[in-house]
Structure formats: C-alpha cells, structure tokens
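The sequence and structure come first.

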Amino acid sequence: MAGVFASTIRPAIMAASRRPGLRRAAEGLPVTRRVVHRFVPGETVDSALDSVAALRSSGRLVSVDYLGEDVTDPADADAAVRVYLDLIGHFARFDGGTPVRPLEVSLKLSALGQSMGRDGEKVARENAHAICEAAQRAGVWVTVDAEDHTTTDSTLAIVGDLRADFPWLGVALQAYLRRTLADCEEFAAAGARIRLCKGAYDEPAAVAHREPGAVTQAYLRCLRVLMAGSGYPMVASHDPAIVEAVPALARESGRSVADFEYQMLYGIRDLEQRRLAEAGNQVRVYVPFGTQWYGYFMRRLAERPANLTFFLRALAQRGH
C-alpha cells in the first residue's frame, strides 16, 4: 500500500492541490470544511488562541501559522502582517520568559510578498522584519517556513539578513532536498534554530529524494549534523523511526531534553505528542488557522496514508 500511495496517490493529491477549480469547490462544501477542522482548528485569531490555550494546558509548546501563500497583491501581504501583529499582541495572556519560548509564529515568505516579482524579496523581508520586531517585544519566537525548492535560495538569503537583527529567528529545512545536508552544516555552525522536516512538496528527482526510505535516511543524516552543531534542532516529524532515533542522537551529541524539541502538526498523532510531553520532552504543536486552508490540507493528505484514510472515512460518515 505504501508503494502505491507514494507512486500514484500522493502525486495525484499534489496535482489536485494546485487546481484553483478544485480549491473553490472544496472550500464551498460544508462537509469538507467540517472534516478539515481535524487539521485546521479555525479561521480566526480567536480560534487559534483557543487552541493555544488548550495545548499549553497540556504542557505543549505552540507554533501558530496564519495560512496563505503565493500572494501577489501588496494589500494581501499587508493584511497578513496585520493578522500576525494582532496574534502576537494577544500572546501576552500566555506564560513566557524561559530560554525556550513556549509561543512561536510561523511565516511563509510567499504570503508576505516574496512572490511579487522584482521587489518581492524586499517586501517580504520588510514585512517579516516588522513581525520579528513585534515578536521580540512580546517574547515570542518566529520561524520561517519552507516552501517549494524554487524559493529556497531567496528564503535563506532573507533569513540570513533577518538573523543579523534577530539571531533567535528559526528556519525550516526540508530533508528530502539534496542540498539540505550542506544547509544544515552551515546553519548548525552558525548556532541557528532549525526546524527539520521531511518535505511536503512534489519535487523533481533532480533536486529531491523521492523514495520514502531515502528521505528517512536523508533526514537522519541531517539531524545528526544539527544535533552535533551549536544550534537548536527542532525535530519536525511524525515518523516513528525518526522519533525513536532521537534520544540516541541527542545522547551522542551530549544534549539534554532542554537542548532540542519535537514538533508535530495539530491533529496528527496527538497521543504521541502527549506521551512525549509527559515524559519530559519539549513538544511543540504547529497550529494553522485561516480561510486559505486548501493547499495546506491537501499536503497533509498527501503526507501519510493514515491522513487520507481518516478523511475518506469521515466523508463517508458525514454522508450517512
């Protein structure tokens, strides 16, 4: 089943994620929106804050992402910045002040203007800088998300510029990209916070490993580099093989549970998240919110057969 999923079903889902007509149809179906709630808890700042409160009460850390990408209208990029500033302003109600900040926001630079032609990088950099300034005042972390491989050079250049003012700024790297081991070596030497994920985009074999086993091995090679470096690794994976490998890698590098964290997505492996947190580990949950949930949701379906099975079962139940 895993082979069929990876070779046939996953590419079909990823192709569907790029079709505007399917997006409009899905967003208009109440049954789909109710099922999506499993992975995207709401569309408003208030709904995100409710999820943050629930997760913090269970001892978990939180990263909140306002959904959106590939913005080409400056007004839309400005609107995204305002939502993030509003969200960060509300974070004052939660506890903080520890070396590992319990609250974080995640940014996609393409939602902040990176896709807007010649001036896109400048616009995205300025918008991200404004968000980082607000986060610094509030004691909140910021991590820049990874997008498809065509944006990687631009994203890492912007992150490099921002880290001059905000050395605590994190960035996500995708282990399936063939370049990522070298990127990990560079950022680990610089002491950066790195969210290491497998990768959620349908990338060509020329730039990315495509076989699941090869991706897992690439992930573990990258994680070993991050653990051995001077930065702060964020292990963003639901794969049991990776989660099980983490304690040994941490011991090998002389790290305690305070020197790294696990990250998992809202709605996925909740019992495992709780188990890890109750065992004394730092566990951060990635909480997305907003109306632009289609692309994110489709990538979650494409990641794991279990997610697709849940979705199909829920749709069938709703139909009765």
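How much space lies in the largest cavity?

## Basis of the description

This is a predicted model, in which local features need pLDDT of at least 70 and side-chain atom pairs count only at pLDDT 80 or more, while totals for chains, interfaces and linings use all residues. Residues are numbered from 1 along each chain as its sequence is written, and side-chain values use heavy atoms, with hydrogens and water left out.

## The largest cavity

The largest cavity holds about 100 Å³ of space. A cavity here is a set of points, on a 1 Å grid over the protein atoms alone, where a 1.4 Å probe fits but cannot get out, and its volume is the space filled by probe spheres set on the points, which are joined across faces, edges and corners. The count comes to two cavities of 30 Å³ or more.

The lining of the largest cavity (residues with an atom within 4 Å of a point) comprises 14 residues, of which A146, T152, A172, L173 and Q174 lie nearest the centre. Two or more lining residues come from each of α7 (152–163), β4 (170–174) and α8 (180–189), where helices are DSSP runs of H or I with at least four residues and strands are runs of E with at least two, numbered from the N terminus. By class, this lining has five nonpolar, five polar and four charged residues; Ala, Val, Leu, Ile, Met, Phe, Trp, Tyr, Cys and Pro count as nonpolar, Asp, Glu, Lys and Arg as charged, and the others, Gly among them, as polar.

## The second largest cavity

The second largest cavity has a volume of about 30 Å³, and its lining is formed by L67, G68, E69, K108, Q292, Y296 and R299. Two nonpolar, two polar and three charged residues make up this lining.

## An arginine in α11

R275 belongs to helix α11 (residues 270–278). With a relative accessible area of 45%, R275 is partly exposed, a class that lies between buried (under 20%) and exposed (over 50%), for a 1.4 Å probe and protein chains only. The side chains of R275 and E272 are joined by a polar contact of 2.8 Å, that is, a pair of N or O atoms within 3.5 Å, one able to donate a hydrogen and the other to accept it, with residues adjacent in sequence counting only if both atoms are side-chain atoms.

## Cysteines without a disulfide

A search of the whole structure finds zero disulfides, a disulfide being a pair of cysteine sulfur atoms within 2.5 Å. For C184, the nearest cysteine sulfur is that of C222, 4.1 Å away. C184 is buried at 0% relative accessibility, and C222 is buried at 2%.

Methods
On a 1 Å grid over the protein atoms alone, a cavity is a set of points where a 1.4 Å probe fits but cannot get out, and a pocket is an open set with protein on both sides within 12 Å along at least five of seven lines; lining residues have an atom within 4 Å of a point.
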